[in-house]
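Thanks for coming, everyone. Let me walk you through a new structure. Please look at the screen.

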Amino acid sequence: MAIYTKEEAKQIMEKALSFSTADTCTINLGGSESGNIRYARNTVSTSGHRSNQNMSVQVSYGKKSGIATIDEFDDESLKKVVKRAEELAKLSPENPEFMEPLGPQSYDESVTYSEATANIKPEYRAQVAASSIEPAAAKDVTSAGFLNDSSGFSAMMNSKGLFAYNKSTNASFTVTMRTNDGTGSGWVTRDVNDINKFDPVEASNVAIDKAIMSREAKAIEPGKYTVILEPAASIGLLQNMFGSFNARTADEGRSFMSKEGGGTKLGEKIVDERINVWSDPLHPDVPTATWNGAGQPLKKMKWVENGVVKNLAYSRYWAKEKGVEPVPFISNGIMEGGDASLEDLIKSTKKGILVTRLWYIRGVDPQTLLYTGLTRDGTFYIENGKIKHPVKNFRFNESPIIMLNNLEELGQQVRINGNLIPYMKVRDFTFTSLSDAV
Amino acid sequence: MKRRNFIRTAGLGAGALMLPSYLLGDTISAEALLAPGMDVAIKKRLADVALNTAKSLGASYADARIGRYLNQYVFTREDKVQNVVNTESFGIGVRVIANGTWGFASTNKVTEDGIKKATQQAVAIAKANSKIQKVPVKLAPVKSYGEVSWKTPIKKDFKEVPVSEKVDLLLSANGAAMENGANFVNSALFMVNEQKYFASTEGSYIDQDVHRIWPTFGVTAIDRSAGKFKSRQALSAPMGLGYEYMDGLDSEKIAGPAGLIGYRNSYDIIEDATAAAKQAKERLTAKSVEAGKYDLVLDPNHLGLTIHESVGHPLELDRVLGYEANYAGTSFATLDKWKSGNFKYGSDIVNLVADKTYPGSLGAVGYDDEGVKTKQWDLVRNGVLKNYQAIRDQVHMIDQNESHGCCYSQSWNDVQFQRMPNVSLEPGKEKYSVHDMIKDVEKGIYIAGRGSYSIDQQRYNFQFGGTVFYEIKNGEIVGMLDDVAYQSNTQEFWNSCAKICDKDDYRIFGSFFDGKGQPSQVSAVSHGSSTTRFNGVNVINTGRTI
């Protein structure tokens, strides 16, 4: 059993702490049970189960610290791991950026755990695979998919009196559907904390429909187009943008957030004024733990307000250097949306391209947050408010900053990779070449 | 996609402790890395427990891998040590075929009892999955090798080199970069030792000791007044060598154009960091490229990644067949193209070979992770597609009866599957230097080092950047360029291959954390080539004003 209750975790960690004679000691304890099923060519290819538990002990003497880990928690093992951490700390060089552990904190109660997800059995995973394979086969389509579900806990305790505990569950699902003539491909992704919110039949059918709709795509010239980006398409670019909300690299002058002549873009308008981004660990649709690896409480935090950079993340060390309060890094990205459905956005488009997904996204220029990548698994030409025909995939070279400055309209929000992102319509999105890939 | 996250987590500036614990194992002291592993006679006895248990439960085939995986990672920035991590992971993975279906289970309880339980679980999984299996697994025959062993032929074991020496070297390199105009520098040393024991019901007992090393850094130069920053990555390669790679021997250096130095089997990190700082600074004011068609002269330290993405991945048979459709994708190099016997992958001078044997490479082992002796084979000969990369349960699908020997698992805890072997471009047969590549180019660009890379899911359309770019005009290098990326189509690109330097310029490049599979596994692979010219490639300008 890898999932300990709050009390069980507390007891083990208190015991480990009692063996330490170092200046400070921080214990992290975690465990998880996860299961997966993978299928391809309309048959199951692999399935697996992983049970994992681990404790890490970090101790310090002055600015010297050492970490040791162990996966057994009897008294002898706990003594051994603490002793090993203490030996490593004594041998290690001083870390000038060492920060004393935090004292006691108060945290909100998280909403990340679902009993239903924790109780998933292998039969359920097989049934999910069948939900893809059977309807696919019936429509001359081949499915390849992956479901992974996990339940776990993480806990933290230190010699300054801090204690934190969280239990969470997650399930993520992706399936690619390819028509057997090789000319159409569709895809879908879903992720949930509570498996009751996941419908594998609905998801699989979305991918099958896209595969069939995308058959025999026509080539159109690359260039600048109005695009409707599904959340699965914009999330990669947006997450890269969220990653740049880091005060240290901005202050150091090596980030998009660095300002010409010195300073940072904190307080500056960088995107369209309709853009609002925040994180909220208690959001019921995209919950996260209410504390992070440094033991800091996570609260609702604004990052972009009316297009203006509202906050940059400060590590505890960097906050001390700069004489400001630490700001924990973004936990989940929530972007304000609108009322329009995908259908509404299509209806109001005279000429444009609907993008299901952007893939193989890689940074090209960190200075401008320019990224490249390709459309994949369902790219469609829109004319006079209707999808006219599928189009061949494009390579894009675009920056999320330019993309969010060229905003036309925001639609409804959808959960994607633990974030809540709206459909969006954007003008002048830059496609630079065509791809023959299906 | 996972690979990028992995590298970002493991990479410069972050601590390796954020890596999943099941991959790295427990953190230990540097001295503990030197403790001897389990005696080979005991491994044989324990492996036999797995094989015999599997057979008694009705398995038609079984293999057991007892692995001790040792890692040492050192991270520094400027004049500071950020982290030194030593880890050990030890356990056994048991794979079986029962009812014609694969089953796999693993345990870190490497005892008779623990192994029996894991084997029972593997057989139970195989039998459960056999109910939905449509076609039984068919294995290509393999020789019984008896009790054999293989070791990476290293000269210096990283485990015997004091951590302080490694830290000093990285800090010296950082210091050299800072003295030469860098504003920031991050450097790291990744060192791996896989002590792997393989046994199978085919009658092989294989003991292997595999070493890999990767020194790397990133240097950043900043112009605050202009609000600009540029970086230059190390021109090292991850290698299947011992710590002797860090010796920086002059005899292993190859002088390139514009003062660049290429490194063969020995790397001079201080010299490279010095050059990197100067070049990062120079990039701040380098000319922005004018988009258009250029002849590209590509250094092996750059071309390796292009080979990896546009030849290595599309010729993985599992991708071709659709097993990776939901993750990495499929391939344009479909079976009908291969069967035609005349599919022109590249121009006549293009010969691409796969191997798991090249000395000093990341892929080099004596036997793969399902007990097949490794070899070299042709993928593309005289420009024509000849073969794929396939393992024991795949080769029958391409009418072959001998595994290529490229099966790998990242740990005892993960099931082995087909992974990319070294894939390399053979050097040209005629005597050509890098100067010969450049001298008859009217309008071209010389590119070294790895940069941005992106390719579609069937490996047609790609875009690559680099670390440094130099403009070639009328046969001469005239200065540094910036904002360069080239876009092409795999077949078009390889068919534009015009000239290849000979073996004197041959070097290997590598990828330490290549990702594949769901759940994702990493693997290390090398790509050799000599400097090569491709004519008339489309170059875009990646500069933007915001």
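**Confidence, domains and contacts**

Chain B has a mean pLDDT of 94, and 96% of its residues reach 70 or more. Remember, this is a predicted model. As a whole, the model scores ipTM 0.93 and pTM 0.95.

There is one stretch to flag. Over residues 1–22 of chain B, pLDDT stays under 50. For that stretch the model has 33 contacts beyond four places in sequence. Where pLDDT is low, the predicted coordinates should not be read in detail.

Now to chain A. How is chain A divided into domains? Domain 1 covers 6–211, and domain 2 covers 217–438. The C-alpha centres of these two domains of chain A lie 26 Å apart. Their contact takes 27 residues from domain 1 of chain A and 22 residues from domain 2 of chain A.

Which elements of domain 1 give two or more residues to that contact? Strand E5 (163–179) and strand E6 (185–192) of chain A do. E6(A) supplies the largest share of the domain 1 side, with five residues. By class, the domain 1 side has nine nonpolar, 14 polar and four charged residues.

Next, a helix pair in chain A. Two packed helices are described by the angle between their axes and the distance between the axes. Here the pair is helix H4 (residues 122–138) and helix H5 (residues 200–213) of chain A. They pack at an angle of about 35°, with their axes 9 Å apart. Is the crossing of H4(A) and H5(A) left-handed or right-handed? Right-handed.

Who meets whom? H4(A) brings Val128(A), Ser131(A), Ser132(A), Pro135(A) and Ala136(A). H5(A) brings Pro200(A), Val201(A), Ser204(A), Asn205(A) and Ile208(A). The residues of this contact divide into six nonpolar, four polar and no charged.

Last, the two chains together. How many residues of chain B are in contact with chain A? The count is 46, and they touch 64 residues of chain A. Several elements of chain B give two or more residues to this side. Among them are helix H2 (21–24) and strand E1 (26–27). Strand E3 (80–98), strand E7 (204–223) and strand E8 (228–233) of chain B are also included. So are strand E20 (453–455), strand E21 (461–464) and strand E24 (484–489) of chain B. By class, the chain B side has 19 nonpolar, 20 polar and seven charged residues.

Technical notes: Residues numbered from 1 in each chain as written. Chains lettered and ligands numbered in written order. Predicted model: local features only at pLDDT ≥ 70, side-chain atom pairs only at ≥ 80, totals over all residues. Contact = placed C-beta atoms within 7 Å. Helix = DSSP H or I, 4+ residues; strand = E, 2+ residues; numbered from the N terminus. Nonpolar A, V, L, I, M, F, W, Y, C, P; charged D, E, K, R; others polar. Axes fitted to C-alpha atoms, helices over the stretch in contact; angles between N-to-C directions. Left-handed = near helix turned anticlockwise from the far one by under 90°. pLDDT = per-residue confidence, 0-100. Domains from an automatic or database assignment.
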